[in-house]
Amino acid sequence: MTQIVPPLLALDHISLSFKGTKAVSDISFEVAAGEVCALIGPNGAGKSSLLNVINGIYRPQQGTVRFDGHAYRKMDPYRAAHRGIARTFQNLALFRRMSVFENVLAGRNLHRQSTWIEQTLHVGRAHRDEAEQRRHADNVIGKLDLQGYRDAVVGTLSYGLQKRVELARALAAQPRLLLLDEPMAGMNAEEKHAMAEYVLDANEHFGVTVVLIEHDIGVVMGVSDHVVVLDYGRKIADGRPDEVRKHPDVLAAYLGTRH
Ligand SMILES: Nc1ncnc2c1ncn2[C@@H]1O[C@H](COP(=O)(O)OP(=O)(O)O)[C@@H](O)[C@H]1O
Ligand SMILES: [Mg+2]
């Protein structure tokens, strides 16, 4: 007997506009638990806006998002993080003057058990808690092969490494859903390959469900179980990578002469 497992994430008729300009029109799709879903489409198609709707940075005028059984239209980013949604941004959003370790440790803030006053006074469980968070941050740094940069100031690192630090910080939160906005943009082929491996590792070994935005169609075909294609704020295809790549609208809009 087949069991019907509800999707971890479902977008239901989401529409979003800015001062009357439609960014996203009537988008619905589902992401199953455990899958890697790629969101692709030309610049301005509405991809980043959708990630912003999922984790509550933008509030859609229409539609609802369902995550892990909870339906919402307005989710604040803080609550999204507590429910298990972590993300990275199209433009790096790291603490540039802080070390790699401090940045990754910041990803653990949700998991701190002690209160602010205990942390300030360094009493009671604050000590144990701090040690536990540091151990976890170092564990993620190790998994992403960042040990050699642990104490380096983030702003001094190459762009590709900073992208990896951002992934590490997101993973440090132990999310159930990881939203990655162009994690491989601006990377060379070798860096892209490494990043794809880290994302797949997180997916396979930590069971993190991933929604990622990526332009390199080769990367998309290699890493994703499911592809959703947007064009001018509308969904034009949704399916397995091999199905989507043959879709005539996709060939015209995305893989065709415009890209
Ligand atoms: N904060 C905002 N204010 C006004 N317009 C926005 C804002 N964010 C996105 N847009 C517009 O929404 C559309 C989709 O943008 P975006 O989601 O960034 O596309 P993509 O990530 O696919 O390149 C674009 O026309 C963009 O200019
Ligand atoms: Mg974008």
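**Notes on salt bridges, ligand and helix**

1. D138 has a relative accessible area of 29%, so it counts as partly exposed. The model under discussion is a predicted one. The side chain of D138 forms a salt bridge with that of R150, the N to O distance being 2.7 Å. This pair links distant parts of the chain, 12 residues apart: D138 belongs to helix α5 (residues 125-143), whereas R150 lies in the loop between α5 and α6 (159-172).

2. R150 is itself partly exposed, because its relative accessibility is 24%. Its side chain also meets that of D151 in a salt bridge, at 2.8 Å from N to O. For D151 the relative accessible area is 57%; the cut-off for an exposed residue is over 50%, and D151 is therefore exposed. Through shared partners, the salt bridges join D138, R150 and D151 into one network.

3. The structure holds 11 salt bridges. One of them is formed by the side chains of R87 and D181, with 3.8 Å between N and O. Here too the pair links distant parts of the chain, with R87 in strand β6 (residues 85-88) and D181 in strand β7 (residues 177-181), 94 residues apart. Both R87 and D181 are buried.

4. Which residues are found around ligand 1? They are F18, A23, P42, N43, G44, A45, G46, K47, S48, S49 and Y58. Sorted by class, this shell has 5 nonpolar, 5 polar and 1 charged residues. Helix α1 (residues 47-54) gives the most to the shell, with 3 residues.

5. Several polar contacts to ligand 1 deserve attention. An N or O atom in the side chain of S49 is 2.6 Å from an oxygen atom of the ligand. In the case of Y58, a polar side-chain atom lies 3.0 Å from a nitrogen atom of ligand 1. Taken alone, the ligand exposes 560 Å², and the protein buries 61% of that.

6. The length of helix α7 (residues 189-205) can be checked by simple reasoning. At 1.5 Å a residue, its 17 residues should span 24 Å; the end C-alpha atoms are 24 Å apart, so the expectation and the model agree. At the start of α7, a side-chain oxygen of N188 reaches to within 3.1 Å of the backbone nitrogen of E190. Beyond the helix comes G207, which has a positive phi near 70°.

7. Which residues of α7 are buried? The buried residues are K192, M195, A196, Y198, V199, L200, A202 and N203.

8. D145 is not a glycine, yet its phi is positive, at about 55°. D145 sits in the loop between α5 and α6, and its relative accessible area of 42% makes it partly exposed. Q174, also not a glycine, has a positive phi of about 50°. Q174 is located in the loop between α6 and β7; with a relative accessible area of 45%, Q174 is partly exposed.

Notes:
Residues numbered from 1 in each chain as written. Chains lettered and ligands numbered in written order. Predicted model: local features only at pLDDT ≥ 70, side-chain atom pairs only at ≥ 80, totals over all residues. Heavy atoms only, no water. Helix = DSSP H or I, 4+ residues; strand = E, 2+ residues; numbered from the N terminus. Expected span 1.5 Å × (residues − 1). Buried < 20%, exposed > 50% of the residue type's maximum accessible area, 1.4 Å probe, protein only. Polar contact = N/O pair within 3.5 Å; in protein donor to acceptor, adjacent residues only side chain to side chain. Near = heavy atom within 4 Å. Areas by Shrake-Rupley, 256 points an atom, 1.4 Å probe, with all protein chains shown as cover. Nonpolar A, V, L, I, M, F, W, Y, C, P; charged D, E, K, R; others polar. Salt bridge = Lys/Arg side-chain N within 4 Å of Asp/Glu carboxyl O.
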